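I opened my notebook for this one and worked through it a piece at a time. Here is the model I had on screen.

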Amino acid sequence: MTQPKILVARAVFPDVLVQLAQHFEVTSNQADERWTPDQLIDKLQGQQGVLTTGSERIDAALLGACPDLKICANMAVGYNNFDLPAMTAAGVIATNTPDVLTETTADFGFALLMATARRITEAEHFLRAGLWSNWRYDMFAGADIHGATLGILGMGRIGQGIAKRGAHGFGMKVIYHNRSQLDAATEAQCKACFVSKDELLKSADHLVLVLPYSAASHHAIGAPELAQMKPTATLINIARGGIVDDVALAAALRNQVIAAAGLDVFEGEPRVHPDLLALSNVVLTPHIASATLPTRRAMANLAANNLIGYLINQQPLTPLNDPVPFV
Ligand code: DGY
C-alpha cells in the first residue's frame, strides 16, 4: 500500500521524523534551509500533509498551487501564518499545538517581566564590559514586582498562567482586559479583575501582552496607548510582532514615556528594528517563550500526531477550522 506523502518544512527532533516515517513517505528539511514562498510551493507538490512552524505562510495562493494538500500541522499555538478561511474553503485541515506550551510560555513571560523590571541584562552587560568599579545607591535600580499591579492584555490560557504566577507567587494585584470577561470561578483562581483597556493601560505597573495577532490586534499598542501608561511602567510582549508598533515603542522608551520593555516577538522578525537595538532599557529575546526541550518535544509530537491522526485515522487532534472540513 502506498503511504501518504508529507513534508516537514523545518528541522525537528530526529525521533519525530522516525515516528512519521512509520506512517508516511517523509520529505524533511533537517538542514533548516529558509525557503521562499515559491520554493515551499515547489516542495509541497504531491504532498498531502505538511508540518509547519509559525514561519511558513499558508494562504490562498499556496493552496491553489498545491491541490494535493489536505492538512497543515503548525508546531505552534499561534497560527497567524495560516489564512484559516482560505484553508477551510479549500478543504484543508489546520491544526496547532495548544495546552502543551501554556505553563512554559507563562514561565517565560514572567522571566521576561522580571528581567525587564530588575534590569538584569543591562546590568550583566555593564558587568561584562568591566564597568563595575563600586557600589552605588541607585545602580540599576529598577521597579518592584511583588505588590505591583500586573496588567494582562489577552486572558487565554497563557494569560491566566501569568496571572496565577503574579497573584499567588508575588502578591501582585492582577487586572486584565480581554475580548470577553472570564467566568467568576476562573477570575477567582487567577485573582484577576476585568477592566477596560484604558483602565489597564493607566493602572498597570507591568503590562504583559498575550493576545493573538489578527487585523483587529495590529498595533493594539501604539503611541496613543503608550502615552496612557505610567512613566514607571514596563511593557512585555510574548504574543506576536505587529501587536506593538515597534517604532512607536522605541520612541516611547527613548523619551521615557514608559520605563522599559521586554520583547520576545517583533514586527518582521527575525529582523529587529534598529531603534530598539540601540536602546538599553529593553530586553530582547529571539521568540523563545516556548523553548524548553520538553515543551518543544511535546509541540513536535502533537503536530506529528495531528498529521497521523488526520491522514491515517481521519481524526485530527486539535483542528482549528470552523467547521472542520472533511474531504
Ligand atoms: C507559539 O506557539 O505560537 C509560539 O509563539 C511559537 O514558539
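**Ground rules.** I worked from a predicted model, where local features need pLDDT of at least 70, side-chain atom pairs count only at pLDDT 80 or more, and totals for chains, interfaces and linings use all residues. Residues are numbered from 1 along each chain as its sequence is written, and side-chain values use heavy atoms, with hydrogens and water left out.

**Entry 1, strand β9.** I began with β9, residues 206-209; helices (H or I, at least four residues) and strands (E, at least two) are DSSP runs, numbered from the N terminus. Both of its faces are covered, with H206 and V208 buried on one side and L207 and L209 buried on the other. Buried stands for under 20% relative accessible area, exposed for over 50%, and partly exposed for what lies in between (1.4 Å probe, protein chains only). I noted the general rule too: in a regular strand, side chains alternate between the two faces of the sheet.

**Entry 2, its partners.** Strand β6 (residues 149-153) pairs with β9 in the parallel sense over four bridges; pairing requires at least two DSSP bridges between the strands. I found H206 of β9 as the bridge partner of L150. On β10 (residues 234-237), the pairing with β9 is parallel over four bridges, and L209 stands opposite N237. From β9 the chain passes through helix α10 (residues 223-228) to β10 in a right-handed β-α-β crossover, meaning a clockwise path from the first strand over the helix to the second with the strands pointing away from the viewer.

How accessible is H206? Its relative accessible area is 1%, so I logged H206 as buried. Not counting residues up to four places away in sequence, H206 touches L113, A143, L150, M172 and T234, among others; contact means heavy atoms within 4.5 Å.

Helices α5 (residues 102-117) and α7 (residues 157-170) pack at about 55°, with axes 8 Å apart. The α5 helix is therefore oblique to α7 (under 35 degrees is roughly parallel, over 145 roughly antiparallel, 65 to 115 roughly perpendicular, the rest oblique). Residues making the contact include F110 and M114 of α5 and I158 and F170 of α7.

My last stop, N301, lies in helix α13 (residues 293-311) and is partly exposed, at 27% relative accessible area. N301 and D15 are 286 residues apart in sequence and 9.6 Å apart in space, C-alpha to C-alpha. Leaving aside neighbours within four places in sequence, N301 is in contact with V16 and Q19.

How values were computed. Axes fitted to C-alpha atoms, helices over the stretch in contact; angles between N-to-C directions.
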